[in-house]
Amino acid sequence: MHHPVRVNLLSLWRPHRSHFRDALQGPSPASIEVKTMPYPRTRPDPSVFEDMTDEYSSASTAPDTPVFTPLSSADTLAALVRKGAFRAAETLRQEMISHRIPITRDSLYQKAALNAIRERRPHLKPRHRIQAFQAWMSLVPDRQQQVCTFYAIRQHIFRSMDHLNLDVVHCFGLVLAAKGYFTNAGVLQVVATLAQYAAPSVTETYLRTLDTQCRTLSAASDGLSAESLMEAPFNLAIKKHSLARRTDAALRLLKIAHGRKITISHDTLQAVLNHTSSRQRTLVEIRTLYPAFPSDLTTPSQLTLPRDASVISGEFEDLSARLRALRKAFGSPVPPAPYVLLRFITDCCTRGKFHAVTLLRKCAFRQSSRSAAAWVLSEMLYHRERKEPLRVLAAFARYFYLVGVPRKSVLSLLRGSAGKSIRPHAKSFGFGVAHHVHLPPYPLKQRLRPSRSHTALVWEALVAVSRTHDRKRLYALLLQLVEGANPPGEAAELTSIDVAETSGALPKPALELSPSSFDAAHFSPFVKAHVARGRPECAAQVVADMVVRGIQPSFVQWSMVARAYAQSGDAATALRVLHQLEAAEYGSGVDPPDSPDGVRGKAAEDRTRQRQVRDHSQQQPSDGLLGIFTNVLRGFVLAKDLEHARRVKLWLTERLGYQVGKRPATDTAIELLTALEAEKP
């Protein structure tokens, strides 16, 4: 009987495995010989090759078969880019540059330049992306050879990117200047973006470079003069600086334009004067450069088209009339208020009139960026009232640059598992008004600049969907952004500009936020979160952090802090805050409390403050002060502190002169106190 022989191949392989690995890793003798073999120094003898004649071609090939001609390196590079093999094209381009092989310029290489900034490669450093983008853009023909619009690149940089990459924007602007583009849409978009978000030195240096290139090319051609070509970039940059409250930077550009004989329009000069904090000094500076500018110091009134305010505010139930009035209001320089738009959206969605919302939305986006920003704010407020924080974030990320907010946190929520409910395949996607109702994003040429009202809603939505440890991280990021928004001194700014001019180095286009980008509303969600968890000390610490960083707390923050103390049983601290806020309301020279420390005063100090307030008892209290007292009263009622609740009610009715029926929230708090008194006689 035959028995099979079993052989363990693994036992035979193990002794020889190391020898085989070494043989593969080490170079072979043939490869070593090839590397050391010198190139031949003698020229090839062309006599050994037969000439390409018609007789030879007809004898060697069929009549219908063309002669094969191999592609050159430049043709191969263009074919790879056309096919979309960008990595192979990048390798070939680098080899051609190293061997000094000329590359024919072609507008096709815009595709490779776009891929350099769009491709997602985590290991690729940002500076390598910019270098690759700049290298491919150098292969695009100049304006004198072929006029290009760069539409795809502009659409990606200014619209499709989820963050504002100022390095790419600055590099794109420099490439356009080198290729002879000075007044096209791409240059104006670069100037507007740098003037709004980068340091003034970056914008000024770029305009100087643009003007130098323009004068060099204008001298060599018979086209328009450099002064006329540079009017649009300089006027646009000055207007953007004025809107951002950078009066010193705008005046400096005015001096540069005047020295280079570039005409500045009257509207631009008026914009500088309208948005300055010191009108007298600014007018003197302007009239020094332009004596013919009128010297009218009256504050410009906001000109609006005549419209029926009662119709717009929604006092009438006719949606058609309100729609007509709102469309007419969007045609004026000042768009309707966001809360007016919010009420119109709410009424239309309640009645199912979604077409009216679509029409008004289209009108707002077509009018101006200011009208579009007001409309998006009304959308965000609508989702906020419906307690849809993810839709608030989605509306913001769809139209605005993610500046002044934690970009990674916003994108992780929208792209993660939590954002599935608001994606297009979800049943309730879109405006959040009903199932299968979807309003697609309106196409824009460039993302909008967010105001502090927009960013405050984003921070509130982030806090609403975050947990405790995430809130601590978000609060640290907010403090970091607020501290980074402090502007450098004017002397330091001018010194950096002078150093850049003398050394020839270009300043780094880093994102710069103005101090007005953040206000007390950004801190309110964190105060509210601490109050909801019964931690008044932490809420008061947030208020103290605001004061340290130059942000004055409003009645909203103090109201939440005072109620937290009242609800937690610390009646002395709550009453102390009320005393100081009342004194500040009536102008007795006492500022609101800057920190939670020191709020427990002596009885003598309280009596002194009461005498100061009593002198102004004839003044009518503001709605904010009444709201704070109402909030504290509600806190005492919830804490079942009947004694201090009665004291605050007496304070409201006798000292502040409140009459029942004026404020529904105050009346409700008084009714809760009455019910508590019935339970605890």
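**Figure 1. Buried residues of helix α29 in the predicted model.** In helix α29 of this predicted model, the residues Q557, W558, S559, M560, V561, A562, A564, Y565 and A566 are buried. These buried residues pack against four helices, namely α27 (524-532), α28 (536-548), α30 and α32. Helix α29 covers residues 555-568, and its 14 residues should span 20 Å at 1.5 Å a residue; the C-alpha atoms at its ends lie 20 Å apart, which agrees with that expectation. Just after α29, G569 adopts a positive phi of about 100°.

**Figure 2. The pairing of helices α30 and α32.** Two packed helices are described by the angle between their axes and the distance between the axes. The axes of helix α30 (residues 571-585) and helix α32 (residues 623-638) come within 11 Å and cross at roughly 170°. Helix α30 is therefore roughly antiparallel to α32. On the side of α30, the contact is made by A571, A574, L575, L578, L581, E582 and E585, while α32 contributes L625, I628, F629, V632 and F636. By class, the residues of this contact divide into 10 nonpolar, two charged and no polar.

**Figure 3. Close-up of E582 in helix α30.** E582 has its place in helix α30 and is one of the residues that form the contact with α32. With a relative accessibility of 1%, E582 counts as buried. The C-alpha atoms of E582 and L625 are separated by 7.2 Å, although these residues are 43 residues apart along the chain. L625 is among the residues that α32 brings to the contact.

Figure 4. Helix α7 comprises residues 126-137, and P126 is placed in it. P126 counts as exposed, at 60% relative accessibility. Along the chain, P126 and V168 are 42 residues apart, and their C-alpha atoms are separated by 9.3 Å.

**Figure 5. Two loop residues with positive phi.** Most residues other than glycine have a negative phi. F150, a residue other than glycine, has a positive phi near 55°. F150 is found in the loop between α7 and α8 (151-160). Its relative accessible area is 1%, and F150 is therefore buried. K261 is likewise not a glycine, and its phi is positive at about 60°. K261 is found in the loop between α14 (247-259) and α15 (266-274). In contrast to the buried F150, K261 counts as exposed at 67% relative accessibility.

**Figure 6. Confidence and overall composition of the chain.** The protein chain contains 34 helices and zero strands. Of its 681 residues, 44% are buried. Among contacts in the chain with a separation of 6 or more, 71% join residues 24 or more positions apart. The pLDDT of the chain averages 80, and 77% of the residues score at least 70. Confidence is highest in helix α24 (residues 452-465), at a mean of 94, and lowest in helix α26 (residues 490-503), at a mean of 43. Over residues 488-503 the pLDDT is below 50, and this stretch has 17 contacts in the model beyond near neighbours in sequence. Residues 594-604 also have a pLDDT below 50, with 18 contacts in the model beyond near neighbours in sequence.

Terms used. Residues numbered from 1 in each chain as written. Predicted model: local features only at pLDDT ≥ 70, side-chain atom pairs only at ≥ 80, totals over all residues. Heavy atoms only, no water. Axes fitted to C-alpha atoms, helices over the stretch in contact; angles between N-to-C directions. Parallel < 35°, antiparallel > 145°, perpendicular 65-115°, else oblique. Contact = heavy atoms within 4.5 Å. Nonpolar A, V, L, I, M, F, W, Y, C, P; charged D, E, K, R; others polar. Expected span 1.5 Å × (residues − 1). Buried < 20%, exposed > 50% of the residue type's maximum accessible area, 1.4 Å probe, protein only. pLDDT = per-residue confidence, 0-100.
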